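I opened my notebook to look at one residue first. After that I turned to the place where two chains meet.

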Amino acid sequence: MRLIALLLLCLCATVVWAGQTTPFKLDIGQGGKCVKDPEWMRKNHMQLLKHQRDEAVRKGARDDKVSLKTCVECHASTKDNSVIARDDSFCVACHRYEAVKLDCFECHSGVRKSYWLKRNAK
Amino acid sequence: MSEVNNQRRAFLKTSLGAAAVAIAPGMLLFDMAHGSTEPVSGKVRWGMLIDTNQCKPGCDECVTACNTENGLSGGKLPTDSQWIRKIEIKDISTGRQSSLPMMCQHCEHPPCVDVCPTAASFKRADGIVLVDKHRCIGCRYCMMACPYKARSFVHEPLHDQNPDVPRGKGTVESCTLCVHRIDEGLQPACATSCPNKAILFGDLNDPNSPIAQKLRTVASTQVRADLKLNTGIRYQGL
């Protein structure tokens with residue numbers, strides 16, 4: 001019972017938060033249309049990424065639409081081509097606010113691939 | 001193993017249509033594989049035939065190409081990652097010398113997969129042996145199990161990796177056959193870089209592929225064939 005109450009509380013908290021505009025600055029990158037509804041993405045992007053990761057790595061089923069590289073390509077800042085370089089960078093700002101720590105970018109490039117290729121072309 | 005075989009059978013049953021496209025002669029599956037959202041096919045088995053007669057001592061173009069493609073430093077310290085390395089061998093009784101590249105042999109029965117406690121080491125349906133770095137805990141059992149010393153451990157934090165080749169501290173890594181290139185219809189970097197075309201890459205299972213045809217006509221060996229791992233990398237002229 002206590003568990004359910006707790007769960008409800010959590011849910012409410014999320015809903016309230018999702019309903020507001022974000023209480024911090026977020027550089028959404030180049031803009032356009034997200035791969036799914038932004039409202040849905042806000043809550044479920046981690047599931048999407050983890051599903052995609054297992055499909056791509058273990059089965060070789062690469063859906064480029066929802067590849068992490070595609071997220072970075074679009075969401076990287078137009079100022080520095082990165083999703084992790086600054087406090088308001090796309091994959092940093094919310095997580096910092098929510099105290100979520102990602103290890104993804106210890107391996108994955110946080111830089112827009114098109115920019116990385118250009119920079120490393122020489 | 002049996003799990004993989006079952007998958008293969010299931011695949012055969014359910015997708016004969018796709019398989020027919022896949023084995024169209026000479027296509028090397030490349031066009032079909034491009035940007036595919038479908039899982040890779042168990043009908044395919046990627047492999048290489050390395051002609052050691054064409055492999056020149058002192059040449060390390062394949063190593064350099066691998067390092068550039070995958071973002072390896074190229075350092076030679078015991079703690080530096082090496083996915084492919086050149087070996088010079090000599091038959092002491094005859095004095096005959098040969099030179100060859102050594103890397104992950106992409107075994108059909110990979111010991112690294114057997115020993116992995118987290119199922120991070122795995123074999124993809126198309127025969128490529130990989131580390132799922134999301135599951136790797138860095139225990140390095142696989143490095144000890146590998147008879148080819150093909151794997152490396154990342155000891156230091158890395159920066160500015162190739163977006164196509166994520167790598168990071170605390171995980172084991174090895175030759176991926178350039179899986180990111182294969183899935184785009186390209187050949188592994190080492191194969192395209194060899195000035196003497198000593199590395200022939202292709203589908204071992206497709207009887208019409210150049211590699212299968214060559215394997216039918218020339219004598220080839222598997223390194224440590226006694227271990228019965230059925231490697232995907234074969235050598236000619238050893």
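**Entry 1: Ser220(B)**

I listed the contacts of Ser220(B), leaving aside neighbours within four places in sequence: Leu49(B), Leu215(B), Arg234(B) and Tyr235(B). Contact means heavy atoms within 4.5 Å. I was working on a predicted model, where local features need pLDDT of at least 70, side-chain atom pairs count only at pLDDT 80 or more, and totals for chains, interfaces and linings use all residues. Residues are numbered from 1 along each chain as its sequence is written, chains are lettered from A and ligands numbered from 1 in the order in which they are written, and side-chain values use heavy atoms, with hydrogens and water left out.

I found Ser220(B) in strand β9, residues 220-221 of chain B. Strands (E, at least two residues) are DSSP runs, numbered from the N terminus. I looked up the relative accessible area of Ser220(B): 30%, so the residue is partly exposed (buried is under 20%, exposed over 50%, partly exposed in between, with a 1.4 Å probe and protein chains only). I also checked Asp51(B), 169 residues away along the chain; its C-alpha atom is 8.8 Å from that of Ser220(B).

**Entry 2: Chain B and chain A**

I noted 27 residues from chain B and 18 residues from chain A in the contact. In chain B, His134(B), Asp160(B) and Pro163(B) lose the most area to chain A, together 28% of what that side buries. Buried area is the accessible area (1.4 Å probe) that two parts lose on being put together, summed over both.

I found 5 salt bridges across this interface. A salt bridge puts a side-chain nitrogen of Lys or Arg within 4 Å of a carboxyl oxygen of Asp or Glu. One of them joins Asp164(B) to Lys69(A), with the closest N and O atoms 2.8 Å apart.

Definitions and conventions:
Helix = DSSP H or I, 4+ residues; strand = E, 2+ residues; numbered from the N terminus.
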